[in-house]
Number of protein chains: 2
Amino acid sequence: MNRSLSIRSSKGGPPGPQTPARKKGFSFASLRGSIQPELSRRLYQVIKSTNNLVSSHEAAGRERETIAKQLSEWGEQTGDDAVSDISDKVGVVLSELGAQEETYAHNLDEARGVLKTIRNTEKSVQPSRDAKGKIADEIQRLKLKEPQSTRLVILEQELVRAEAENLVAEAQLTNITRKKLKESYEAEFAAVIERAEKQIILAKHGRRLLDLLDDSPVTPGDSRHAYEHGNAARQVLNDAEDDLKSYAEHNVDGVDSIIGGDRDAEYVAGHNDNYTRTYTDNGDGRGETPVMTGGIGQSVGGDHHVPAAADVPYVSPTPTSSNDDRM
Amino acid sequence: MNRSLSIRSSKGGPPGPQTPARKKGFSFASLRGSIQPELSRRLYQVIKSTNNLVSSHEAAGRERETIAKQLSEWGEQTGDDAVSDISDKVGVVLSELGAQEETYAHNLDEARGVLKTIRNTEKSVQPSRDAKGKIADEIQRLKLKEPQSTRLVILEQELVRAEAENLVAEAQLTNITRKKLKESYEAEFAAVIERAEKQIILAKHGRRLLDLLDDSPVTPGDSRHAYEHGNAARQVLNDAEDDLKSYAEHNVDGVDSIIGGDRDAEYVAGHNDNYTRTYTDNGDGRGETPVMTGGIGQSVGGDHHVPAAADVPYVSPTPTSSNDDRM
């Protein structure tokens, strides 16, 4: 990477956004954008590009879910119980990673919507600037041509009114611009953090699933030990669901709660409660709003939980603050 | 979401991967996939779909970088110093988020490559199975037609050889399958975690930039206070670079070091060293390998650092373990 502290300084030659009309395949919106006054045209471009960004993440999310199914089906036809079960469970995790990617795309789209308020205000301020300028020009022209014209008085009055009107418009523009710019990118950064934290939870549980697959080589003729981690694998998915659920519970107030140590302190507390609950009143998981696996009850009976726990003692692979607990 | 503990259980009707030949726009590779024996055809589909996933994330990364430039250029033409500087700096952060998205796509592609080893082994095992079966069938046919045929002896010998050969092939297949399946998805989950942790660092510093934009409304006629956070904004980018750099330094050994508390303990230690360094031998940043902003020296003079720090005392918004320090 060779990027300076300014994006601008890194632009060489004519920047793309300044010649939108020459590009192909324009939507009506972006065509309008290209004929906008300078004032709102650039933001049209940002909003349009962000729409492409949203589509890319949507596509990635859908693709993930397809891969998840294909991987699971591949595993099934290997005829290897261990590969079959682990590939299926990893598929569940991948599918959830995809769902999180789609949620991210949706949140980016919301943040994008906020920028439209700025763009619309820019659009509406332009005529006010033009009107003011037009009257001022006319006054200059008249002063030269017919300095005695009685219209000058009228025009001067109009100019005062136009200036007053424009003063308000410009104040509205700066107020909206700063407020909405912050609002939009705060929402965008919050979306980045939420996707990241949820996907970390999922990926770390995904690794626990892979750890259940014995990949020690067999010699020709020898057969594999029977696969015994079915319960443990189901438990990993339960744990992932619990972690996502307590993450959601402790981030209801969004942005602020996502950052800082307080969130994580709560998080772990919440997580532990949650975990205990798994072994008490969570026989089949139907009792709760599913965060990840809606049909979780279908394949996990409560009787699996204890052996499962015995099978792999549960250590949350998620937030590092769970380590502080033990310190 | 209504997903069960199994992806399979959620498949309704004929699963897509089983009718690939009916889809359009096939690449040569995927066309070969569709005429593969069952054994390797499904994994062809997984590998092909993963290629689409990689492309989506590449596209998202590029789009981010475009948006970054456009946002910066929009801010420049607002004529508002504060909006101009903050939008430019936020652009730098967005651009880096995009670069991380592209790195992620690259890492997914590497993980995808590992699956090809399984696919190729599946392909090579099929003939061995077929050969064995063919000989066995022929023996059955002969036993009925001409039980006395001397060819039977030869065929029995061939069958033993074919069985021995296949025994090896099947052992190779299960060994490769389990080893490479783990390897591929461990790499994939590591990539998810790396993107997530780096993007969290960036997003949290991005928020610090937004905090420097005063969005208190002005009344018509009043003018804004002069923008005074230029140094602070530059410092935020320096801090982001330092955090990414120490993240990279403490994750050289990849996977394992990314998880667990040890990593974070190191991380913070490393981070603090790094931070101190910023104020000692890091006058203009040329001394170090740039992690984020290659041209950092161009626009930040060492003399900016101290006032900048005075301006906003630096508190790393990144890993929560920085809070543990204070506990």
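So, the lining of the largest pocket: by class, ten nonpolar, nine polar and eight charged residues. Nonpolar here means Ala, Val, Leu, Ile, Met, Phe, Trp, Tyr, Cys and Pro, charged means Asp, Glu, Lys and Arg, and the others, Gly among them, go down as polar.

Quick housekeeping. This is a predicted model, where local features need pLDDT of at least 70, side-chain atom pairs count only at pLDDT 80 or more, and totals for chains, interfaces and linings use all residues. Residues are numbered from 1 along each chain as its sequence is written, chains are lettered from A in the order in which they are written, and side-chain values use heavy atoms, with hydrogens and water left out.

Back to the pocket. About 440 Å³ of space lies in there, and 27 residues line it, with A:Glu170, A:Thr174, B:Thr78, B:Asp80 and B:Arg224 nearest its centre. By pocket I mean an open set of points on a 1 Å grid over the protein atoms alone, where a 1.4 Å probe fits, with protein on both sides within 12 Å along at least five of seven lines; lining residues have an atom within 4 Å of a point. The volume is the space filled by probe spheres set on the points, which are joined across faces, edges and corners.

Which helix gives the most to that lining? That's α4(A), with seven residues. Helices, by the way, are DSSP runs of H or I, at least four residues, and strands are runs of E, at least two, numbered from the N terminus. Chain A has ten helices and zero strands.

Now, α4, residues 151-211 in both chains. α4(A) and α4(B) pack at about 155 degrees, axes 8 Å apart. That makes the two roughly antiparallel, a label for angles over 145 degrees. Axes are lines fitted to C-alpha atoms, for helices over the stretch in contact, and angles run from 0 to 180 degrees between N-to-C directions. The contact has 18 nonpolar, four polar and 14 charged residues.

Within chain B, α3(B) and α4(B) pack at about 170 degrees, again with axes 8 Å apart, so this pair is roughly antiparallel too. Their contact divides into 30 nonpolar, eleven polar and 21 charged residues.

Last stop: A:His57, in helix α2 (residues 38-77) of chain A. Buried or exposed? Buried, because its relative accessibility is 2%, and the cut-off is under 20% relative accessible area with a 1.4 Å probe, protein chains only. Of the 327 residues of chain A, 55% count as buried.

How values were computed: Angles under 35 degrees count as roughly parallel, over 145 as roughly antiparallel, 65 to 115 as roughly perpendicular and the rest as oblique. Buried means under 20% relative accessible area, exposed over 50%, partly exposed in between (1.4 Å probe, protein chains only).
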